[in-house]
Amino acid sequence: MTLSVGEIEARRRDSRITLLRLCSAAGVSLAHYARLRDGVNQPRAATLSSLSIALRRLAGGTPANDGGALQLYRLSVALCALHAGADPEQVLAQDPTRRASANREWMAAAQIRRRALYIAHVCCGVSQAVLAKVAGMTPAAVSLTIRAIEDARGDNDDDAIGVIERVMQLDT
């Protein structure tokens with residue numbers, strides 16, 4: 001069921017979903033959404049459909065906590081984002097299932113998410129299945145991502161991941 005812009009906005013607020021998160025998930029710019037909400041532009045059916053679907057998906061609830069896995073994943077994203085000079089909230093707002101490989105922001109966020117998945121799994125011990133749940137990805141995608149990071153790292157332990165691995169292994 002496709003909702004009107006007014007219904008989408010009301011449900012977004014009731015669900016406490018940020019505008020940035022909704023727009024990113026729907027592939028709609030914040031400025032365009034504001035023009036639709038304010039009645040400056042009339043929405044196309046496809047735009048309403050994208051917003052409705054994104055809202056339903058996001059309002060489905062936050063993923064199960066699974067013993068702090070969501071917090072560990074988000075902390076890993078924050079560490080990787082800050083190391084890359086990116087805004088962690090912007091990274092988390094990018095929908096990993098969107099596969100917007102032509103979008104520079106989405107690709108930068110994907111690279112940060114990849115490192116965060118690796119850190120949460122290898123350094124913090126979060127299982128790949130649980131990571132898939134909390135990151136909104138398929139278990140196969142998480143497995144492939146972790147394997148790719150592992151293969152690309154080789155013996156380089158001077159990168160951010162290497163530093164985190166060493167810190168996590170300290171005996172104090």
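This report walks through a predicted model of a protein chain, from its overall layout to its helix contacts and one of its pockets.

## Ground rules

In this predicted model, local features need pLDDT of at least 70 and side-chain atom pairs count only at pLDDT 80 or more, while totals for chains, interfaces and linings use all residues. Residues are numbered from 1 along each chain as its sequence is written, and side-chain values use heavy atoms, with hydrogens and water left out.

## Overall layout

The protein chain has 10 helices and 0 strands; helices (H or I, at least four residues) and strands (E, at least two) are DSSP runs, numbered from the N terminus. Read from that end, the elements run α-α-α-α-α-α-α-α-α-α. The C-alpha trace spans about 60 × 30 × 30 Å along its principal axes.

Of the 172 residues in the chain, 38% are buried. Here buried means under 20% relative accessible area, exposed over 50%, and partly exposed in between (1.4 Å probe, protein chains only). Among contacts (heavy atoms within 4.5 Å) with a separation of 6 or more, 58% join residues 24 or more positions apart.

## The N-terminal stretch

Let's start with Ser 4, in the segment before helix 1. Ser 4 counts as partly exposed because its relative accessibility is 34%.

Arg 12 lies in helix 1 (residues 5-15) and is buried, since its relative accessible area is 9%. Leaving aside residues up to four places away in sequence, Arg 12 touches Ile 17, Thr 18, Leu 19, Leu 22, Tyr 33 and Leu 55. Arg 16 is found in the loop between helix 1 and helix 2 (19-26), and its relative accessible area of 78% makes it exposed. Phi of Arg 16 is near 60°, a positive value in a residue other than glycine.

Axes here are lines fitted to C-alpha atoms, for helices over the stretch in contact, and angles run from 0 to 180 degrees between N-to-C directions. The axes of helix 2 and helix 3 (residues 30-37) come within 10 Å and cross at roughly 105°. The two are therefore roughly perpendicular, a label for 65 to 115 degrees (under 35 is roughly parallel, over 145 roughly antiparallel, the rest oblique). Leu 19, Leu 20, Leu 22 and Cys 23 of helix 2 meet Leu 30, Tyr 33 and Arg 37 of helix 3.

Helix 7 and helix 9 have axes that come within 9 Å and cross at roughly 90°, so helix 7 is roughly perpendicular to helix 9. Among the residues making this contact are Arg 114 and Tyr 118 of helix 7, and Thr 145 and Glu 150 of helix 9. By class, the contact has 6 nonpolar, 2 polar and 4 charged residues. Ala, Val, Leu, Ile, Met, Phe, Trp, Tyr, Cys and Pro count as nonpolar, Asp, Glu, Lys and Arg as charged, and the others, Gly among them, as polar.

## The second largest pocket

The second largest pocket has a volume of about 410 Å³. Of its 17 lining residues, the closest to the centre are Pro 96, Arg 99, Trp 106, Met 137 and Thr 145. Helix 7 (104-123) and helix 9 (139-153) are the elements giving two or more residues to the lining, and helix 7 supplies the largest share, 7 residues. By class, the lining has 9 nonpolar, 5 polar and 3 charged residues.

On a 1 Å grid over the protein atoms alone, a pocket is an open set of points where a 1.4 Å probe fits, with protein on both sides within 12 Å along at least five of seven lines; lining residues have an atom within 4 Å of a point. Points are joined across faces, edges and corners, and the volume is the space filled by probe spheres set on them.
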